[in-house]
Amino acid sequence: MSDSAPAASPWTRPAMDRVAAPLRQQVIQALRTAILNFEFRPGQRLVERELIEQLQVSRTTVREALRELTSEGLVTVVPQRGAIVSTPSLDEAEDLYEIRALLESLLIERFVQRADDIQLARLSEAVEHFAASSAGTEDIRVVLDSKDQFYEVLVEGAGSPTLAGIIEGLQARVRLLRATSMSEPGRSGAAVAELREVAAAAARREPAEAARLCAQHVRNAAVTALRHLRESQGSAA
């Protein structure tokens, strides 16, 4: 990880609304969104003074927010550097993808078992929306947001708050890796084909097959993302 990562100065955000949600939660959400939307880049320093000035909140509130994001794995505190946007190591990324494959296969299995016909139809619609977004823009944030809609349908139909909470935290941590994978030429088209197969198995009410296909989809994405991570870490060594 390079010490030359830029500071947070380019980020702009209106001052917090002190009437709406609790101030601390607003700050956490603002910083979380900025990280997930790549307004803060992996390895970038999050300078307390600049965040305080931008958000117009106290040092205590900013530090509390950074502690929460550290617990979520989105921020890492590095001695002599302070808080930075997390960049997963290769070992961490491998574990994240394998855990994701296991959890998402369980999620789709529960979805097939519990979803009604309307939810099954919405899953196919979500895949086609993802296909259209992938073909219609090069903005990776738009593509990732459309992929998130697929997972939103899965979570709703699975009817498992426990799985939903675990997967939500995991998705946030792997968003950078997903962006890397989806940016690979040809990967979006392959992902669309894979998700169509998942949706088709779900429509046939085949939970085991849908789970197998979903796990394979995640592992296919891992191949691309991990290759890029190996190359980037090798060049930085």
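Analyst: Contact here means heavy atoms within 4.5 Å. By that cut-off, and leaving aside neighbours within four places in sequence, Phe 150 is in contact with Leu 123, Ala 126, Val 127, Leu 195 and Val 198. Keep in mind that this is a predicted model, where local features need pLDDT of at least 70 and side-chain atom pairs count only at pLDDT 80 or more, while totals for chains, interfaces and linings use all residues. Residues are numbered from 1 along each chain as its sequence is written, and side-chain values use heavy atoms, with hydrogens and water left out.

User: Why does Phe 150 count as buried?

Analyst: Its relative accessibility is 1%, and buried means under 20% relative accessible area (over 50% is exposed, in between is partly exposed; 1.4 Å probe, protein chains only). So Phe 150 is buried. Tyr 151, at 6%, is buried too.

User: What makes Phe 150 and Tyr 151 an aromatic pair, and of which kind?

Analyst: Their ring centres are 5.5 Å apart with 80° between the planes. Rings of Phe, Tyr and Trp (its six-membered ring) pair if their centres lie within 6.5 Å, with planes under 30 degrees apart called stacked, over 60 edge-to-face and the rest tilted.

User: What joins the side chains of His 217 and Lys 147?

Analyst: A polar contact of 3.2 Å. That's inside the limit: a pair of N or O atoms within 3.5 Å, where within protein one must be able to donate a hydrogen and the other to accept it, and residues adjacent in sequence count only if both atoms are side-chain atoms. His 217 is in helix α9 (residues 207-236) and is buried at 2%. Among the residues His 217 touches are Tyr 151, Arg 187 and Glu 194.

User: Why is Glu 194 called buried?

Analyst: Because its relative accessible area is 15%, Glu 194 counts as buried. Glu 194 is found in helix α8, and a polar contact of 2.9 Å joins its side chain to that of Asn 220.

User: How do you know that the span of α8 agrees with what it should be?

Analyst: The expected span is 1.5 Å times one less than the number of residues. With 17 residues, α8 should span 24 Å, and its end C-alpha atoms are 24 Å apart, so the two agree. Helices here are DSSP runs (H or I, at least four residues), as are strands (E, at least two), numbered from the N terminus. After α8 comes Arg 205, with a positive phi near 60°.

User: What makes up the largest nonpolar core, and which residues touch the most other members?

Analyst: A nonpolar core is a set of buried Ala, Val, Leu, Ile, Met, Phe, Trp, Tyr and Cys residues joined through side-chain atoms within 4.5 Å. This one has 50 residues, and those touching the most other members include Tyr 97, Phe 111 and Phe 150. α9 gives the most to this core, with 11 residues. A second, separate core of 21 residues includes Ile 28 and Phe 40.
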